[in-house]
Amino acid sequence: MPLEIYLNVAISGILTGLVYGLMALGLSVIFGVVRVVNFAHGEMMTVAMYMAVVLFSTLGLDPLIMLVPIAAVMFALGYILQKGVINAFVTRPESTQFLLMIAIAIILVNVLLIIFGPDAQGVQTSYSYDSYAVGPLIIDATKAYAAVASLVVAAVLFAFFRFTRTGTAIRGCADNHTGALVVGLDVSHLYALTFGLGTACVGAAGVMLVLLVDATPAIGPAYTLLAFIIVITGGLGSMAGALLGGVLIGLTEAMAGLLFTPSAKSMFGFAILVLVLLFRPQGILGKAAR
Amino acid sequence: MNRKSPKPSAGIGPRITRRTFAASAGALAISAGVAPFNIVRAQSGALKVGVILPRSGYLAGIGQDCQRGVDIAGPILKDLGYPDLEIMNGDTESSVDTARSRAEKMIGDGAQVLVGAFDSGESSAIAQVAEQKGIPFIINIAAAPDITEQGYKFVFRNFPTAPMILGDAFANQLEIFGMTGAAPKTAVFLHVNDTFGTAMAKGIGAVSAKFDLPYKIVDEIAYDPATKDLSVEVAKAKAANADVLLVVSRLNDAILMTRELVKQRWTPQAILSMGPGWYEDQYLKTLGKLSDDPISFVPWYDPNKKLSPVLEAALAKAYPEVNMNTNHIFTFEALLVAADSYKRAGSADAAALTDAIRATNITDNVSIGPGIMFNEKGQNAGVKDGAIQNRDGKLVTVAPKAAANADAVWPMTPYGERG
């Protein structure tokens, strides 16, 4: 097989992996601070995908333009959900939290089914079928835009946590919950902010993913699982780890599909997960439990 | 001694005494015991047809599409002079177990003939129930060959089996090659790796050997039907540098595959599909001009038959946005068989109805082939595939010649030149 095929597939895997990484970033942020495992993560992303589909089909608004407004709406939904429902479960046993999040996931899927039906719906932008030819390489334009947008959103999120007072306070909550309470931080509000940010992240990922994949109500669970694989591989709670995990899984699946058989490409993603759990249980960039 | 004559009864007819009552009751009991289930109904009312389809679950879309064939059947059958059908709707929920229990319930509720169920597994389950209860079952769509190889007496199928579908597909391909002068030398084969795709892949290997095909399959690429990205698969197929793309897919992956073909700037000479997806309405609507030119080899309708435009017009009236397809054609024809046999049997008695179905000889039908007639196994061995090509958002039949209404376009118009 010619070399450019390998390069094309590798580039495609990395670009897709960056979008996956942004999706997983939301999960990692929420777990890293609130310590609640969001089993409704993929379903929340599906909600954002449908928002993009509706805005495109009714008003002709390009998903990339609507990225920020949809992320803002998802932030508000996440904030309200955390403040109104999930906050009461933060101190409860993990099994209860799992059940709550799974219940939310089931409700979201069924509400989407009632509203939109089971058929796939997508958006066809003017650049949906564009690709860039760089020498012998062909780069999917949509994937490139989505990957760049993922990097921008991730950079903004990193900057927020690193350079703002609220971001620092949230990191304080994550490091020491009791200490945060002692110094007078409004932990409940900060948790809700964090959940909102995580939901906004996955919302942004959903808006970009709808450029690559059609939305169906049942699409969520597969992406929830994928997000878990990525954050466990990259390191649960590590933002850089989530992006790295996304790229690693995207690249591994693409190359495995090319070198072995495409029908087994998911298997290689799981194989990476098993290897990480065996040799570095905290994930590639995760911190070991003390 | 004078015997007293019996007093005349007050009403008309003989007076019922204790002795005559006991004799009548005994006779009734004996006759009931001898023939407890032989309930013969004269053709006084509508035939109760239990239509069992996957109306929910993962096959819901297809089940609901089949229902369109049911919805438009009534007036057409009436115009053809057939007796009324009373439709009883059942949902398999896309589950084999539910299909079985629904069939039992429908028979319990009075269904006199069953129709269904699109899926081979579900149809097999219903066939077992129909056979056990002695109620005729007319399969609308199901391709697994073994359903009509079990020696069933009450099961009939007006749909080709998988080997028939494949055999016709290759025969139609040869006809198209002859017609267009095309002689592709290589093909790359992409297929889903589910039960259907794997079975078709095996079948293609076995059946293609019997045909003198000009092309050789240079690479076979299996993929997960639930995949969200086919970029690797298409890159691999493109690298094979084959003349034609042979596919067995579903709807969503057919759309994904086309998008990748466009993005990766590869237009093969032809896309030859031996499964669903490429001719479906959603494919045509989603992709617009990019949906043109693939050729699908599927059980189809003969546009030159008298009844075809009637069915097409009825569907267009009821569902203006929907193109007529396999689901509508064969579900309608299953009801046609039921109505025709009921008319000839003159009764809804299961045995009489079954005999009448077995003797079916409908030449004024819709699907390709000589008509609807069943062999000793209950299979319509004459039903044929058609080769259909997407053209400007519509579907035209390009083979077999007897059922064609257009010439095949070969090679495909390059994706980059479609405006």
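The questions and answers below go through the two chains and their contact.

Tutor: This is a predicted model, in which local features need pLDDT of at least 70, side-chain atom pairs count only at pLDDT 80 or more, and totals for chains, interfaces and linings use all residues. Residues are numbered from 1 along each chain as its sequence is written, and chains are lettered from A and ligands numbered from 1 in the order in which they are written.

Student: What is the mean pLDDT of chain B, and which stretches have pLDDT below or under 50?

Tutor: pLDDT is the predictor's confidence in each residue, from 0 to 100. In chain B the mean is 87, and 89% of the residues reach 70 or more. Over residues 1-16 of chain B the value is below 50, with three contacts beyond near neighbours in sequence (a contact means C-beta atoms, placed from the backbone, within 7 Å). The value also stays under 50 in another stretch of chain B, which has six contacts beyond four places in sequence: residues 24-42.

Student: How many helices and strands does chain B have?

Tutor: Helices (H or I, at least four residues) and strands (E, at least two) are DSSP runs, numbered from the N terminus. By that count, the secondary structure of chain B has twelve strands and 13 helices.

Student: What percentage of the residues of chain B count as buried?

Tutor: A residue is buried if 20 or more other C-beta atoms lie within 10 Å of its own, exposed if 12 or fewer, and partly exposed in between, with C-beta atoms placed from the backbone. Chain B has 419 residues, and the share that counts as buried is 51%.

Student: Is helix 1 of chain A largely enclosed or largely open?

Tutor: Helix 1 of chain A covers residues 3-34. The expected span of a helix is 1.5 Å times one less than its number of residues, so the 32 residues here should span 46 Å, which agrees with the 46 Å between the end C-alpha atoms. Of these 32 residues, 25 are buried, so helix 1 of chain A is largely enclosed by the rest of the structure.

Student: Which element of chain A gives the most residues to the side that touches chain B?

Tutor: The contact takes 25 residues from chain A and 23 residues from chain B. On the side of chain A, helix 1, strand 2 (137-140), helix 10 (239-259) and helix 11 (265-279) each supply at least two residues. The element of chain A that gives the most, with five residues, is helix 1.

Student: Are helix 6 and helix 8 of chain A roughly parallel or roughly perpendicular?

Tutor: Axes are lines fitted to C-alpha atoms, for helices over the stretch in contact, and angles run from 0 to 180 degrees between N-to-C directions. Angles under 35 degrees count as roughly parallel, over 145 as roughly antiparallel, 65 to 115 as roughly perpendicular and the rest as oblique. The axes of helix 6 (residues 165-175) and helix 8 (residues 187-209) of chain A come within 10 Å and cross at roughly 105 degrees. The two helices of chain A are therefore roughly perpendicular.

Student: Which elements of chain B do the buried residues of helix 5 pack against?

Tutor: Helix 5 of chain B (residues 120-133) has 14 residues. Its buried residues include B:Ser120, B:Ile126 and B:Val129. They pack against strand 1 (47-53), helix 4 (96-108), strand 3 (113-116), strand 4 (137-139) and strand 5 (155-157) of chain B.

Student: Which residue does a cis peptide bond join to B:Gly116?

Tutor: The bond has an omega of about -5 degrees.

Student: Does B:Ser94 count as buried or exposed?

Tutor: B:Ser94 lies in the loop between strand 2 (85-91) and helix 4 of chain B. Its phi is near 60 degrees, a positive value in a residue other than glycine. With 22 C-beta neighbours inside 10 Å, B:Ser94 counts as buried.

Conventions. Two residues are in contact if their C-beta atoms, placed from the backbone, lie within 7 Å.
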